[in-house]
Amino acid sequence: MKLIDIGINVTNRRFSKDLPQVINRATQAGVEQMVITGTSIHGSKRAAEIAGKYPGILYSTAGVHPHYAQDCNNETIATLEKLAQKEHVVAIGECGLDYNRDFSPRPLQNKWFAAQIELACKLQLPLFLHEREAHDEFINILRDYQQNLPKTVVHCFTGTEKELEHYIEMGYYIGITGWISDVRRGKHLWKIVKKIPENRLMVETDSPFLLPHNMPSRPKNRRNEPSFLPYVVKSLARSLQKSPEEVAELTTNTAKEFFAI
Ligand SMILES: [Zn+2]
C-alpha cells in the first residue's frame with residue numbers, strides 16, 4: 001500500500017526528539033510522501049526547513065492558522081509568499097476559521113483568512129483549509145474568490161452532511177483523519193463520507209493529534225504519527241465498502257495530482 005499523508009504537524013514539540021525515526025517508520029509503513037502543515041510564520045519556516053531535508057518525501061504548506069490570526073501583521077503575507085517560492089512548499093495554509101475555540105477575535109480571523117486566499121489565488125498554489133464551527137462565514141469569504149480559486153482542500157473534515165454537500169458543490173477536496181475511526185464522535189462522518197467524489201478524497205493523520213481508535217494497541221504516550229495512516233485508510237475503506245488497497249490508490253493519486261508531487 002502506497003499512501004500520502006496530507007497533514008502532519010511534525011513541527012510540534014512532541015516530535016522534537018525523534019523526528020528521523022518517525023519519518024522512517026512512516027515510509028516503512030508505506031506512507032511514502034507527507035505534507036507538513038504550516039500553522040504560523042515561525043511554524044511555516046520550520047516546516048519548510050524540515051521538508052527541505054527530505055526531498056521527494058516531505059513537503060510543506062505555508063500559512064497562518066486562525067488560532068494565530070492575531071499575530072499577523074503587514075509583513076505576514078509577503079513572508080508567506082517568499083516561503084511559497086521554495087519548490088517543496090506546495091500549498092498555502094493551513095488557514096481558515098475556528099469559531100470553536102476562538103483563540104483569535106473573529107474579525108481578525110476573517111481578515112487574515114481572506115488575505116491568505118488572495119495569496120493562493122495570486123500564486124495559483126493549492127489552498128489547505130481549516131474550518132471549525134464557522135461554516136457559513138467560511139463559505140461567505142471563499143465565495144468572493146471562487147472564480148479564481150486554485151484547488152482547495154478542507155482538511156480534517158468533521159462537519160455535518162449539509163456542510164459536506166456544500167463543500168462538494170463548491171468543488172473542494174476533503175481530507176479525512178482518524179476522527180472517522182472514533183465510533184462515538186465520528187459516527188456521522190462514517191455515514192456521509194460516501195458522498196465525497198472518489199477523485200476528491202484524501203487522507204491525513206493530523207499527527208500528533210487524533211490518534212486512530214481502531215489500532216489494536218494504542219501507544220502509551222497517545223501520540224499520533226504518520227506511520228499510523230493505514231488505520232485511517234482501514235476505517236475509511238470500511239465505511240466506503242471498498243478495500244484498503246483501493247482507497248490507498250484513489251487517495252494517493254488524488255494527493256499527487258492535488259499537490260503536484
Ligand atoms: Zn486544522
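In the predicted model described here, the zinc ion is coordinated by Glu94 through OE, by His130 through ND1 and by His155 through NE2, at 2.0 to 2.1 Å. Donors are taken as N, O and S atoms within 2.8 Å of the metal (3.2 Å for Na, K and Ca), and because water is not among the atoms, sites may look incomplete. Along the sequence the donor residues of the zinc ion follow the spacing E-x35-H-x24-H. Glu94 in strand β4 (residues 89–98) and His155 in the loop between β6 (152–154) and α6 (161–169) are 61 residues apart, and the pair thus links distant parts of the chain. Helices (H or I, at least four residues) and strands (E, at least two) are DSSP runs, numbered from the N terminus. Both Glu94 and His155 are buried, where buried means under 20% relative accessible area, exposed over 50%, and partly exposed in between (1.4 Å probe, protein chains only).

Residues are numbered from 1 along each chain as its sequence is written. As this is a predicted model, local features need pLDDT of at least 70 and side-chain atom pairs count only at pLDDT 80 or more, while totals for chains, interfaces and linings use all residues; side-chain values use heavy atoms, with hydrogens and water left out.

The strands of the model can be described next. Eight strands form an open sheet with parallel pairing, in the order β1-β2-β3-β4-β5-β6-β7-β8. From one strand to the next the twist averages 30°. Strands of a sheet pair through backbone hydrogen bonds, either parallel or antiparallel; two strands are counted as paired here if DSSP finds at least two bridges between them.

Strand β3 is joined to β2 by three bridges in a parallel arrangement, and Met34 stands opposite Leu58 in β3. On pairing with β4, strand β3 again runs in the parallel sense, over three bridges, and Thr61 stands opposite Ala91 in β4. Five of the five residues of β3 are buried, so this strand is largely enclosed by the rest of the structure. Both of its faces are covered, with Leu58, Ser60 and Ala62 buried on one side and Tyr59 and Thr61 buried on the other. Helix α2 lies across β2, β3 (58–62) and β4, and runs at about 160° to β3; axes are lines fitted to C-alpha atoms, for helices over the stretch in contact, and angles run from 0 to 180 degrees between N-to-C directions. Further along the sheet, strand β5 (residues 127–132) and β6 run parallel and are joined by three bridges, with Phe128 standing opposite Val153 in β6.

Thr37 is located in the loop between β2 (31–36) and α2 (41–52) and, at 1% relative accessibility, counts as buried. Not counting residues up to four places away in sequence, Thr37 touches Gly7, Ile8, Asn9, Ala47, Thr61, Glu94 and Phe128, a contact being heavy atoms within 4.5 Å.

A nonpolar core is defined as a set of buried Ala, Val, Leu, Ile, Met, Phe, Trp, Tyr and Cys residues joined through side-chain atoms within 4.5 Å. The largest such core has 71 residues, of which Phe113, Ile117, Leu127, Leu142, Ile176 and Leu236 touch the most other members. Helix α4 (residues 106–123) supplies the largest share of this core, namely eight residues. A second, separate core of 14 residues includes Ile4, Val90, Ala255 and Ile261.

Helix α5 (residues 135–143) packs with α6 at an angle of about 10°, their axes being 11 Å apart. The two helices α5 and α6 are therefore roughly parallel to each other, a description used for angles under 35 degrees, whereas those over 145 count as roughly antiparallel, 65 to 115 as roughly perpendicular and the rest as oblique. His135, Phe138, Ile139 and Arg143 of α5 make the contact with Glu163, His166 and Tyr167 of α6.

Some backbone features remain to be noted. Most residues other than glycine have a negative phi, and most peptide bonds are trans. The peptide bond from Gly93 to Glu94 is cis, with omega near 5°, and the bond from Ser207 to Pro208 is also cis, with omega near 10°. Gln124, in the loop between α4 and β5, has a positive phi near 50°.
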